[in-house]
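Dear colleague,

Please find below the structure that I am handing over to you.

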Amino acid sequence: MSKLHTVNKSPFEKSSLDACLQHVLDGASVLLLEDGVYGALRGSAAAESVERALASVKVYVLGEDLKARGFGEDRLINGISVVDYAGFVDLAAEADAVQAWL
Amino acid sequence: MKFAIQINEGPYQHQASDSAYHFTKAALAKGHEIFRVFFYHDGVNNASRLTTPPQDDRNVVERWAELAEQHDLDMVVCVAAAQRRGMVDDGEAKRNGKDATNIQSRFRISGLGQLVEAAIQADRLVVFGD
């Protein structure tokens, strides 16, 4: 069993994504939502740490929030999966706990 | 599965209340149970029945109230956070000598013990906030 971590702030606004990625255990899941979706974009200054994390954790992005900010799925870092709210519920149910990095 | 939801941010501030609402709705649609929605810190402002957003904008407070009505949700506002921010129901008005109330009737004011209980009773506690 593993945890679902949620990050809802941009890595260019807060350090919560970095803090999260430094603490996640192998096999955990990280969901980027709200302004957190900026952490899912390819080619940004924050992308490297996410790409590194992808070797040991699963990273998801909330599709609605990505779209609301004008980004298509073609802008995502390779290996990040898109979920909707129903998918978010599934991730929370599958994990043994949900940790919000606020 | 039983979910408990905690909201730490007011309406129209960023997006936490909206995210929590859509998560709750999606969980209910999947047949999960929502044990309780707990409004904490600035989240207590989601319970004001006096909000009047523009007509072309979502009405965060009414939307929560309607969802609660449809699914008989238990929506609890933290009393200490509410007192600090002037969120008042009949009981609080009487106790603290206030001349008005502003809590939407689907919400109820109670203590932090309700959050602890929700965390214990629910299978998952999902927190939304700043």
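A cavity is here a set of grid points where a 1.4 Å probe fits but cannot get out. The model is a predicted one, and it holds one cavity of 30 Å³ or more. About 60 Å³ of space lies in this largest cavity.

Residues of both chains line the cavity: A:Thr6, A:Asn8, A:Leu33, A:Glu34, A:Phe88, A:Ala100, A:Leu102, B:Val126, B:Val127, B:Phe128 and B:Gly129. Strand E5 of chain B (residues 124–128) gives the most to the lining, with three residues.

Turning to the salt bridges, the count over all chains comes to 14. In one of them, the side chains of A:Asp35 and A:Arg69 meet at 2.9 Å, N to O. This pair links distant parts of chain A, 34 residues apart: A:Asp35 lies in the loop between strand E2 and helix H2, and A:Arg69 in the loop between helix H3 and strand E4. A:Asp35 counts as partly exposed because its relative accessible area is 23%.

Within helix H2 of chain A, A:Arg52 and A:Glu48 lie four residues apart, about one turn of the helix. Their closest N and O atoms are 3.5 Å apart in a salt bridge, and both residues are exposed.

A further salt bridge joins B:Lys30 to A:Asp90, with the closest N and O atoms 3.1 Å apart. This pair crosses between chains, from the loop between helix H1 and strand E2 of chain B to helix H4 of chain A. B:Lys30 is partly exposed, at 38% relative accessible area, and A:Asp90 is likewise partly exposed, at 30%. Finally, salt bridges that share partners join B:Asp18, B:Asp57, B:Arg58 and B:Arg63 into one network.

With kind regards

How values were computed. Residues are numbered from 1 along each chain as its sequence is written. Chains are lettered from A and ligands numbered from 1 in the order in which they are written. This is a predicted model: local features need pLDDT of at least 70, side-chain atom pairs count only at pLDDT 80 or more; totals for chains, interfaces and linings use all residues. Side-chain values use heavy atoms; hydrogens and water are left out. On a 1 Å grid over the protein atoms alone, a cavity is a set of points where a 1.4 Å probe fits but cannot get out, and a pocket is an open set with protein on both sides within 12 Å along at least five of seven lines; lining residues have an atom within 4 Å of a point. Grid points are joined across faces, edges and corners, and a volume is the space filled by probe spheres set on the points. Helices (H or I, at least four residues) and strands (E, at least two) are DSSP runs, numbered from the N terminus. A salt bridge is a side-chain nitrogen of Lys or Arg within 4 Å of a carboxyl oxygen of Asp or Glu. Buried means under 20% relative accessible area, exposed over 50%, partly exposed in between (1.4 Å probe, protein chains only).
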